[in-house]
Amino acid sequence: MSNRVYIFDTTLRDGEQSPGVSLNRNEKLEIARQLARLGVDIIEAGFPITSSGDFEAVKTIAREVRGVTVAGLARTNFADIDRAWEAVKHADQPRIHTFIATSDIHLKHKLRMSGEQVIEAAVAGIKRARGYTSDVEFSAEDASRSELNFLCRVVEAAIAAGATTINIPDTVGYATPDEFAEFIRSIMNNVRGIEKVILSIHCHDDLGLAVSNSLAAVLAGARQVEGAINGIGERAGNASIEEIVMALYTRRDRYGLETGINTEEIYRTSKLVSKLTGMEIQPNKAVVGKNAFAHESGIHQDGVLKERTTYEIMNPTMVGIAHGNLVLGKHSGRHAFRSRLVELGFALNEQELNKAFARFKDLADRKKEITDQDLEAIVENEIRKVPPTYELAYLHISSGTTVVPTATVGLNHGEELLEEAACGNGPVDAICKAVDKIAGYNCRLYSWSINAITGGKDALGEVTLRIAENNSERLYMGRGISTDILESSARAYINAVNKMIYEKKNQNNDK
Ligand SMILES: CC(=O)SCCNC(=O)CCNC(=O)[C@H](O)C(C)(C)COP(=O)(O)OP(=O)(O)OC[C@H]1O[C@@H](n2cnc3c(N)ncnc32)[C@H](O)[C@@H]1OP(=O)(O)O
Ligand SMILES: CC(C)C(=O)C(=O)O
């Protein structure tokens, strides 16, 4: 048996069946192009009878995305099959994918057909499709809940009618891995002609088992896996392509199976699908989640810094993520802390490091995640504390929808109180201009951001900003905290100006 596993991507068909998702033609085309770069073998581009929009999207993909099989889904009736063919016929390798349910529950309640009628419909549909193309996939919908002997009869008839791929879906995500593997083995052992076709599986995630069931089936002998990027799809979704691919890749040591996927395109594909479908990726999602390669606790961070493989079974670059990250938080230790400071360009001695680390742990108790800006602030405010040339004495703001924003600022400069007023485009701009007038500088604001340190209406707002003199690129970061965000802004701006003055003074002393 070949060790090559074919990847059938149904992001644009079953994936689009996710509640709330509707992709237009251009969006589908953009995703299809990316799927081709990813290296999937088959793109199921849509269900052409569904709407003229879907028909046009499948047709466009078939015409424009080369070097890949493009499939269109169809029920077994001729109208669906004819429409699917019209849509895919210009593809490099067109495939018609036709399906009908085989479980008692579907026959009795949904199709209201007998078993013989289902076999007849399947055979007729496949023959119709074979009249158009030599690449015909047949799916026995709800196969995993079907009576095995009947399913084997349907599959045998489908092969005899000309199907080249036989798909066994776990349509409602009911199977469990060992049971599904056994089911696949039974089909392989009982269906005449099964060795002539590619045996495929299509698993749903209702019990969170779609990937496990898919892998179990592959290990039992299936050689095509159907799934969707990010695991999107009807209800709880489909098996996630990226998880299956990375499981096969990572465990090739044990199973020796291969896909044609260019794994470095995985992350980009996942991001694109998430962006265009509007379906966010949960942070702890395997392979592509924000936290998939993030390490938060000190012991793990220390291990990863010493040797990445201590806590990483995949290299993030393998899936197209530039590098993993060490998230600094209250569980982090000195090794990770020092390493991030070095990355930020700070070389602290042991005493400074200990002092900064204690301050960091303090802050980490109050904040969920410590950012690079927090670290810069710790070092600059705590370790390289500058003497305050100016300190805020008072602040008065006049602002609103009908007045020009004006700020009056009083700054203590030693024993002196210096006062100035200025107008600006907004109150923050007015504050900065008033401070500039007092300090005798002309600065521009590069960035300004606010972060609520505590919750509720009286939350402490922490403003972090960066300024530079008008004729210089040297940036100074300032930080200010208050329950009033304009006061936080004033304090942050004054803090940055003080740093600038201090640095200039020291440079002059050095000369
Ligand atoms: C498991 C899966 O994911 S299957 C794919 C699911 N995807 C979709 O349904 C795509 C979106 N669907 C649609 O736009 C519409 O349902 C259409 C265009 C496909 C059909 O619309 P309608 O003709 O109005 O039929 P409706 O959806 O209400 O009912 C489905 C009909 O197809 C029949 N049917 C269902 N599956 C099959 C099949 N594989 N082969 C033949 N007939 C089938 C049903 O028995 C029902 O027939 P009935 O009208 O005689 O009772
Ligand atoms: C059409 C088939 C493959 C399907 O989507 C399912 O059974 O879930």
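Tutor: Two strands are said to pair if DSSP finds at least two bridges between them. With that in mind, consider β12 and β13 in this predicted model, which form a hairpin with two residues between them. In the turn, Gly414 has a positive phi of about 60°.

Student: In which sense do β12 and β13 pair, and over how many bridges?

Tutor: The pairing of β12 with strand β13 (residues 416–423) is antiparallel and extends over eight bridges. One bridge can be located by its residues: Val409 has Glu420 in β13 as its partner.

Student: What other strand is joined to β12, and by how many bridges?

Tutor: Strand β11 (residues 391–398) is joined to β12 (residues 406–413) by seven bridges, and these two strands run antiparallel. To find this pairing in the structure, look for Ser398, which stands opposite Thr406 in β12.

Student: How confident is the predictor in the chain as a whole?

Tutor: The mean pLDDT of the chain is 93, and 98% of its residues reach 70 or more. For the model, the scores are ipTM 0.97 and pTM 0.79.

Student: How many strands close into the barrel, and in what order?

Tutor: The barrel is closed by eight strands in the order β1-β2-β3-β4-β5-β6-β7-β8, with parallel pairing. On average, neighbouring strands of this sheet are turned by 25° against each other, direction ignored. As one example of a pairing, strand β3 (residues 69–75) runs parallel to strand β4 (residues 93–101), and seven bridges join them. Within it, Gly72 stands opposite Ile96 in β4.

Student: Which strands stand at the edges of the open sheet, and why is one side of each left without a neighbour?

Tutor: The open sheet has three strands in the order β14-β15-β16, and its pairing is antiparallel. Its edges are β14 (443–452) and β16 (476–482); each has a single partner strand, so one side of each lacks a neighbour in the sheet. Here neighbouring strands are turned by 20° against each other on average, direction ignored. Strand β15 (residues 461–469) pairs with β16 over seven bridges in the antiparallel sense, and Arg466 stands opposite Met477 in β16.

Student: Which helix lies across β15 and β16?

Tutor: That is helix α15 (residues 372–383), which runs at about 95° to β16.

Student: How is the crossing of α1 and α2 to be read?

Tutor: One considers the axes, the handedness and the residues that meet. The axes of helix α1 (residues 25–38) and helix α2 (residues 52–64) come within 9 Å and cross at roughly 35°. The crossing is right-handed. On the α1 side the residues are Arg25, Lys28, Leu29 and Ala32, and they meet Gly53, Glu56, Ala57, Thr60, Ile61 and Glu64 in α2. Sorted by class, this contact has four nonpolar, two polar and four charged residues.

Student: Which residues surround the ligands?

Tutor: Ligand 1 is surrounded by 15 residues, of which the closest are Thr50, Arg75, Thr76, Ile100 and Leu111. Both β4 and α4 (104–111) supply at least two residues each to this shell. Its classes are five nonpolar, five polar and five charged residues.

Student: Which strands each supply at least two residues of the shell around ligand 2?

Tutor: They are β5 (136–141) and β6 (165–170), strands that also belong to the barrel. The residues around ligand 2 are Asp14, Phe99, Ser139, Glu141, Asn167, Pro169, Thr171, His202 and His204. By class, this shell has two nonpolar, five polar and two charged residues.

Terms used
Residues are numbered from 1 along each chain as its sequence is written. Chains are lettered from A and ligands numbered from 1 in the order in which they are written. This is a predicted model: local features need pLDDT of at least 70, side-chain atom pairs count only at pLDDT 80 or more; totals for chains, interfaces and linings use all residues. A residue is near a molecule or strand if its C-beta atom, placed from the backbone, lies within 6 Å of it. Helices (H or I, at least four residues) and strands (E, at least two) are DSSP runs, numbered from the N terminus. Ala, Val, Leu, Ile, Met, Phe, Trp, Tyr, Cys and Pro count as nonpolar, Asp, Glu, Lys and Arg as charged, and the others, Gly among them, as polar. pLDDT is the predictor's confidence in each residue, from 0 to 100. Axes are lines fitted to C-alpha atoms, for helices over the stretch in contact, and angles run from 0 to 180 degrees between N-to-C directions. A crossing is left-handed if the near helix is turned anticlockwise from the far one by less than a right angle, and right-handed if clockwise. Two residues are in contact if their C-beta atoms, placed from the backbone, lie within 7 Å.
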